[in-house]
Amino acid sequence: MDSSSSQSRSPTRTQREAQRSLHHRIATLEENQRTLERTLHGLAIETGVIVAGRCARCGKADMLGTDGMVHCPHCGNRHSL
Ligand SMILES: [Zn+2]
């Protein structure tokens, strides 16, 4: 082992910059997600729709409840409450 191989263990400037930009992207995504959750919450209250938890069939969307029935807006899974 020479000194250059031990130096490569510490993150390079490029790696640090990549990590910083990744952290920035995650923070942006988290803020976007919170905005969508607040919007969805407001929409649910205004329309009287219940957001009833993740679809058990596809897991890609939350179940929406109206009139004693819940349905998945993604895959169409439907059952009574
Ligand atoms: Zn579904």
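Strands β1 and β2 are paired antiparallel, with 3 bridges between them. This is a predicted model. In the pairing of these two strands, I50 faces G65 of β2.

**The sheet**

The pairing continues beyond β2. Strands β2 and β3 are also antiparallel, joined over 3 bridges. Here L64 lies opposite H71 in β3. Next comes the pair of β3 (residues 69-71) and β4, again antiparallel and held by 3 bridges. M69 has S80 as its bridge partner in β4.

| Strand pair | Sense | Bridges | Facing residues |
|---|---|---|---|
| β3 and β4 | antiparallel | 3 bridges | M69 and S80 |

Together the 4 strands make an open sheet, ordered β1-β2-β3-β4. Its edges are β1 (50-54) and β4 (78-80). Each edge strand has a single partner, so one of its sides has no neighbour in the sheet. Neighbouring strands are turned against each other by 25 degrees on average, direction ignored. In general, strands of a sheet pair through backbone hydrogen bonds.

**The turn at D67**

What lies between β2 and β3? The two strands form a hairpin with 2 residues between them. D67 belongs to the loop that links β2 (62-66) to β3. Its phi is near 50 degrees, a positive value in a residue other than glycine. Most residues other than glycine have a negative phi. Is D67 buried or exposed? D67 is exposed, because 9 other C-beta atoms lie within 10 Å, and 12 or fewer counts as exposed.

**The helix**

The protein has 2 helices and 4 strands. Along the sequence the pattern reads α-α-β-β-β-β.

Helix α2 covers residues 13-47, which is 35 residues. At 1.5 Å a residue, α2 should span 51 Å. Its end C-alpha atoms are 51 Å apart, so the span agrees with the expectation. How many of the 35 residues of α2 are buried? The count is 0, and α2 is hardly covered. Just after α2 comes G48, with a positive phi of about 75 degrees.

**Where helix and sheet meet**

V51 sits in strand β1. Leaving aside neighbours within four places in sequence, V51 is in contact with L40, A44, D62 and L64. V51 is partly exposed, because 15 other C-beta atoms lie within 10 Å of its own, and a residue needs 20 or more to count as buried. C75 is 24 residues from V51 in sequence, and their C-alpha atoms are 16 Å apart in space.

**Overall form**

The protein is divided into domain 1 (1-48) and domain 2 (49-81). The C-alpha centres of the two domains are 30 Å apart.

The C-alpha atoms fill a box of roughly 70 × 25 × 15 Å along the principal axes. The radius of gyration is 22 Å, whereas a compact globule of 81 residues would have one near 12 Å. Buried residues account for 5% of the 81 residues. Among contacts between residues at least 6 apart in sequence, 0% join residues at least 24 apart.

Definitions and conventions:
Residues numbered from 1 in each chain as written. Predicted model: local features only at pLDDT ≥ 70, side-chain atom pairs only at ≥ 80, totals over all residues. Pairing = 2+ DSSP bridges. Axes fitted to C-alpha atoms, helices over the stretch in contact; angles between N-to-C directions. Domains from an automatic or database assignment. Rg over C-alpha atoms; globule rule 2.2 N^0.38 Å. Contact = placed C-beta atoms within 7 Å. Expected span 1.5 Å × (residues − 1).
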